[in-house]
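Please read it alongside the sequence and the structure.

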Amino acid sequence: MVDNIKNLLEEITNKSYYEVNEQNLDPILIAREYKDEYISLVCALFAYGNVKAIIKFLRSIDFDILDESEDEIKKYFCNHYYRFQSIEDVKQFFITLKRLKKLSIEEIFLNGYKKNNFVIDGIDEILKVMNELNSYTSKGYQFLIGNRYKGKTKGSSPYKRWNMYLRWMVRDDRIDFGLWKRVKKSDLIIPLDTHTFNVSHKLGLLTRKTYDLESAIQLTNKLKEFDKNDPVKYDFAIYRLGQNENL
């Protein structure tokens with residue numbers, strides 16, 4: 001059974017339709033146009049909800065605004081809002097990103113990650129710096145960037161959009177574009193959303209009943225049995241299988 005699942009995932013991963021384009025929309029489609037760690041972070045963190053709405057929102061932004069002053073950013077984002085993010089939330093996020101551009105997201109991430117080769121520590125380090133750069137807070141803003149890691153995997157957020165961002169930044173294939181070269185693919189954690197969570201249960205890849213970071217890690221460890229060096233490469237394949245109504 002395990003071999004059959006592995007072969008199935010490998011087959012889907014190697015298929016020619018394992019692509020993103022105007023017919024198979026995904027937020028990485030916009031990120032790939034720029035291949036920039038800051039713009040990619042915008043694409044990843046706003047990647048929730050209907051994919052067409054995500055793409056429409058991202059395409060409404062002129063990312064050159066990040067090179068302008070904070071006053072110009074405030075003027076520019078006078079009508080931009082997205083689902084749980086108000087106009088002010090969007091403004092403040094881009095102000096945070098503007099300040100972050102004076103640093104390096106990769107270097108900040110590495111400061112946390114290199115302690116134990118645990119990517120969540122790297123994510124937490126980025127969140128720490130973002131909070132230091134901008135003290136603004138609201139429900140919508142916190143939903144967008146996420147809360148800091150409290151040291152427990154059980155009951156913790158799976159950091160789906162952040163782990164997706166890391167997949168883009170670290171892996172390099174016909175989907176992901178690998179801007180970062182100092183993070184091991186084997187240390188990545190699968191971007192677990194409720195869809196992937198449910199499909200993984202149906203496939204017998206995951207038994208844990210709670211949707212949390214612990215489940216994301218357990219699923220990743222299971223996928224390491226198929227490819228210990230690049231377990232997250234199966235992310236798209238699991239998603240595709242979930243589209244099969246007969247699964």
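Helix H12, which covers residues 213-223 of this predicted model, is mostly covered, with eight of its eleven residues buried; buried means under 20% relative accessible area, exposed means over 50%, and partly exposed lies in between, with a 1.4 Å probe and protein chains only. Helices (H or I, at least four residues) and strands (E, at least two) are DSSP runs, numbered from the N terminus. Because the model is predicted, local features need pLDDT of at least 70 and side-chain atom pairs count only at pLDDT 80 or more, while totals for chains, interfaces and linings use all residues. Residues are numbered from 1 along each chain as its sequence is written, and side-chain values use heavy atoms, with hydrogens and water left out.

- The buried residues of H12 are Leu213, Glu214, Ser215, Ala216, Ile217, Leu219, Thr220 and Leu223.
- At the start of H12, a side-chain oxygen of Asp212 comes to within 3.4 Å of the backbone nitrogen of Glu214.
- Helix H3 (residues 37-45) is likewise mostly covered, and nine of its nine residues are buried, including Glu37, Tyr38 and Cys43.
- The buried residues of H3 pack against helix H2 (28-34), helix H4 (51-59), helix H6 (87-100), helix H7 (105-116), helix H9 (139-145) and H10, where contact means heavy atoms within 4.5 Å.
- Asp36 caps the N-terminal end of H3, placing a side-chain oxygen 2.8 Å from the backbone nitrogen of Tyr38.

**Asp176 and Arg171**

- Asp176 is in the loop between helix H10 (160-170) and helix H11 (194-202), and because its relative accessibility is 2%, Asp176 counts as buried.
- Arg171 lies in the loop between H10 and H11, and its 5% relative accessibility is why Arg171 counts as buried.
- The side chains of Asp176 and Arg171 are joined by a polar contact of 2.7 Å; a polar contact is a pair of N or O atoms within 3.5 Å, and within protein one must be able to donate a hydrogen and the other to accept it, with residues adjacent in sequence counting only if both atoms are side-chain atoms.
- Not counting residues up to four places away in sequence, Asp176 touches Ile28, Arg167, Trp168 and Arg171.
- Leaving aside neighbours within four places in sequence, Arg171 is in contact with residues including Asp176, Phe177, Lys185, Asp230 and Lys233.

**Glu22**

- Glu22 lies in the loop between helix H1 (2-14) and H2, and with a relative accessible area of 47% Glu22 is partly exposed.
- Apart from residues up to four places away in sequence, Glu22 touches Leu29 and Arg59.
- Glu22 and Gln142 are 120 residues apart in sequence, and their C-alpha atoms are 31 Å apart in space.

**The protein as a whole**

- The protein has 13 helices and zero strands; its radius of gyration, taken over C-alpha atoms, is 18 Å, close to the 18 Å that the globule rule gives for 247 residues, so the protein is as compact as a globular protein of that length, the rule being 2.2 Å times the number of residues to the power 0.38.
- The C-alpha trace spans about 60 × 40 × 30 Å along its principal axes.
- Buried residues account for 53% of the 247 residues.
- Among contacts between residues at least 6 apart in sequence, 66% join residues at least 24 apart.
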